[in-house]
Amino acid sequence: MDETAAVPAPQPATAGAPVPLSSLAGLEFSKGHGTGNDFVLIADPGDAHEITAEQVAQLCDRHVGIGGDGLIRAVPSRFLPEGRVALEQDPEAEWFMDYRNGDGSLSEMCGNGVRVFVHFLIAENLVNLGPGQTLTIGTRGGVKKVVRTVNGYAVDMGPWEFIFPREATSKAMDALVSADGLEVARPGLSVSMGNPHTVVALAELSELSATQLFKPPVVDPKPTNGTNVEFVVPAEPLVEDGVGTITMRVHERGVGETQSCGTGACAAAVAIRHWAGDTAPNDWHVKVPGGVVGVKFFPGAGGREHVELSGPAVIVATGTLS
């Protein structure tokens, strides 16, 4: 999938005075998170609520709103053009994850958000899903299948791909990335998980701690639609008992630094495995500020390798907008 064709370049909501939320008065919401990646969640089974980008930005504001890295609206796929495309791909994709970043811009996918989305559907009694059962959902990053596990959810994130395969193969890098706290620019490798990522390897945890992500890292050349940037430190030793371990921080486009990023964890595992060579494992633990997620590579349909993301999902609060 060419992620650059999936969604227009993210456009943040217009800065200025808070946008009135009176049109949303009485709307019920939940707040949830997956390893600290948090979301405002709205159930909209009748497609009755038009939430503007500006309203999303205010709801996700941590000072004047509810607070969150993004907003997820649960809406039947048949109501949205992208959802109808998902239904053509798989008629079982009844529900669509209508996701916006914290600044109101559209996003293709969110790996942590998918888990929280399914957990929310269950909590709202919109679906029944027992341990070991699978739910198919639509997203702007394609159809996703989610399995409920004993400790959370596992998501088939679909196939990964290098955004610049020629450079990835020949040079193992395709960009230089600068960030406050790092003395020199570092090489990055761009990976698509349905949305774009640029992964940078650091040598020490102290470097990771010193990296400042208050503002977006500078990626040169800058991808057309922007990119999420992951800074990653491989464990020493990298592999124990057949499982690789890495530690990661991430700056998400349209959001800023978050406690976790599911697609970013997958992209980081892709890049580190590529750099590690043919003996690298297919199972990974990715440590993020909000916890630990699992990443597993497995053969997918049509011979393409897929990535599974696993981890917890929690609903922490419910309420009504006033």
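The model is predicted: local features need pLDDT of at least 70, side-chain atom pairs count only at pLDDT 80 or more, and totals for chains, interfaces and linings use all residues. Residues are numbered from 1 along each chain as its sequence is written, and side-chain values use heavy atoms, with hydrogens and water left out.

**Stop 1: the largest pocket**

Select Q89, G141, G142, V143 and K144. Of the 25 residues lining the largest pocket, these are the closest to its centre. The volume is about 500 Å³. A pocket is an open set of points on a 1 Å grid over the protein atoms alone, with protein on both sides within 12 Å along at least five of seven lines; lining residues have an atom within 4 Å of a point. Grid points are joined across faces, edges and corners, and a volume is the space filled by probe spheres set on the points.

Now colour helix 2 (81-89), strand 6 (142-148) and strand 7. Each supplies at least two residues of the pocket lining. Helices (H or I, at least four residues) and strands (E, at least two) are DSSP runs, numbered from the N terminus. By class, the pocket lining holds ten nonpolar, eight polar and seven charged residues. Here Ala, Val, Leu, Ile, Met, Phe, Trp, Tyr, Cys and Pro count as nonpolar, Asp, Glu, Lys and Arg as charged, and the others, Gly among them, as polar.

**Stop 2: the cavity**

A cavity is a set of points where a 1.4 Å probe fits but cannot get out. The whole structure has one of 30 Å³ or more. Select S107, M109, N195, N228 and E252, which lie nearest the centre among the 14 lining residues. Strand 4 (95-101) and helix 6 (262-276) are the elements that give two or more residues to this lining. The cavity lining has four nonpolar, eight polar and two charged residues.

**Stop 3: strand 18 and its partners**

Show strand 18 (residues 305-311) with strand 7 (residues 153-159). They run antiparallel, joined by five bridges. Two strands pair if DSSP finds at least two bridges between them. Pick P159: its bridge partner in strand 18 is H306.

P299 stands opposite E305. The two strands form a hairpin with five residues between them, and G302 in the turn has a positive phi of about 75 degrees.

R273 lies over the ring face, 3.8 Å from the ring centre. The rule needs NZ of Lys or CZ of Arg within 6 Å of the ring centre and within 35 degrees of the ring normal.

**Stop 4: aromatic pairs**

Rings of Phe, Tyr and Trp (its six-membered ring) pair if their centres lie within 6.5 Å; planes under 30 degrees apart count as stacked, over 60 as edge-to-face and the rest as tilted. The count is two.

Select F39 and Y99: edge-to-face, 5.9 Å centre to centre, 70 degrees between the planes. F39 lies in strand 2 (residues 37-43) and Y99 in strand 4, so the pair ties together parts 60 residues apart in sequence. Both are buried, meaning under 20% relative accessible area (1.4 Å probe, protein chains only).

Next, W160 and F162: edge-to-face, 4.9 Å centre to centre, 75 degrees between the planes. W160 is buried at 18% relative accessible area. F162 is buried too, at 15%.

Definitions and conventions:
Buried < 20%, exposed > 50% of the residue type's maximum accessible area, 1.4 Å probe, protein only.
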